[in-house]
Amino acid sequence: MPGYGIVFSGGGALAAWEVGCYRAIRAHHDDTPPAIVSGASSGALNAAGVCIGMQPATLKDVWARMKNADVYRARFDRWTFTKLAARAGRIGPQDAVYEFLSGQQSVFDASPLVETLRRELKDFDQPFEQSRVRLAVSATNLAVNRKQVFYKMPPQIPLPGNAATSDVDWRQIRGIESLIDALVGSTALPILFPPWTHFFDGGIMLNQPISPALRIFEPDILYVVIPSAENLGQTGNLIEIGSTLLTVWLRVSLDLQIERIKLINDVIRPRTAKRKIRLCVIRPSQDLGRLFGVSLLQFGQKVDELEDAGFKAANSRIAIFRDDNEETWY
């Protein structure tokens, strides 16, 4: 049987919620791992953990151990602004600010994440190489406006010949160090986090990599877990506005992908012997940041509560999903 697959969306520290979804989904499938996982940004870390064989409890522990200092550090401190003020006194505020911003790549430095991933994945070389779970990590090269997918197939199984498309660059992940490069690249985010290894800039154009997952392997059902509510609610301050804008930005490709799959199911699949593509989209009913007081960049906080909320949300969604009722698929 083709089994099932999971797409892990990006969501910063809220990716702990996705682990609860994984726990519920895996339990629903008799504790068997998925056939295909894909992810972007922090969701790519979850996808990688599933690929190398981490149980939900182990993956939850990873997020509980991960603190802000393990992921990023600020590029600016008081001394930075003292120097900026001094420079403004010499050449004027506007020119000083322009000069300062022209020399910066991002607000944060993501190099701590590299060391964190090396520490967490150092004993998983062999499990990763032998994994039967297919993996896709999405990224974006904003310089040339192209999507990139980093993939890992099971041993002796090649990438399907029809996977490659003209608008996507496919790059094979070869070992843990190559995996770390892909993960850090997928978590890059313009303005906040810098590009990694010069050629990709995070999952901006494909933050829910549904299409790459289906091109690698089409399961019986593909779960898409997204740690942002359908209704984002009111925004009361600049931090909430920024978080809402970022969430909307990172979710922009989802509706397009779903509409494309609906078109395939309604127009193309009835002409063939292939089954229709079944999606089960899982979202929280409330905004997680407001519910638990955790922002996208507050790592290691409220992990138990987030994971439990994901478990409940996934079970509620799975309970109403019907294999023969398209109204419950999307």
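Modeller: A patch is built from residues with over 30% relative accessible area and no salt bridge, where like charges are joined within 9 Å and nonpolar side chains (Val, Leu, Ile, Met, Phe, Trp, Tyr) within 5 Å. Accessible areas come from the Shrake-Rupley method with a 1.4 Å probe, and for residues only the protein chains shown count as cover. This is a predicted model, in which local features need pLDDT of at least 70 and side-chain atom pairs count only at pLDDT 80 or more, while totals for chains, interfaces and linings use all residues. Residues are numbered from 1 along each chain as its sequence is written, and side-chain values use heavy atoms, with hydrogens and water left out.

Leu 263, Val 267 and Ile 268 make a nonpolar surface patch of about 260 Å². Val 267 sits in helix α12 (residues 252-268), helices being DSSP runs of H or I with at least four residues and strands runs of E with at least two, numbered from the N terminus. With a relative accessible area of 35%, Val 267 is partly exposed, a class that lies between buried (under 20%) and exposed (over 50%), again with a 1.4 Å probe and protein chains only.

Turning to the charges, the structure holds 16 salt bridges, each a side-chain nitrogen of Lys or Arg within 4 Å of a carboxyl oxygen of Asp or Glu. Side chains of opposite charge can pair when their charged atoms come close. One of these bridges joins Glu 115 and Arg 118 at 2.9 Å, N to O, and both residues lie in helix α7 (residues 111-121), three residues apart, about one turn of the helix. Glu 115 is partly exposed at 46% relative accessibility, and Arg 118 is partly exposed at 35%.

Asp 220, Arg 275, Arg 278 and Asp 323 are linked in a network of salt bridges. Within it, the closest N and O atoms of Arg 275 and Asp 220 are 3.2 Å apart; this pair links distant parts of the chain, 55 residues apart, with Arg 275 in the loop between α12 and β9 (279-282) and Asp 220 in the loop between α10 (210-216) and β8 (221-225). Arg 275 is partly exposed at 38%, whereas Asp 220 counts as buried at 18%. Arg 278 meets Asp 323 in a salt bridge of 2.9 Å, N to O, and this pair too links distant parts of the chain, Arg 278 lying in the loop between α12 and β9 and Asp 323 in the segment after α14 (303-320), 45 residues apart. Arg 278 is buried at 12% relative accessibility, while Asp 323 is partly exposed at 42%.
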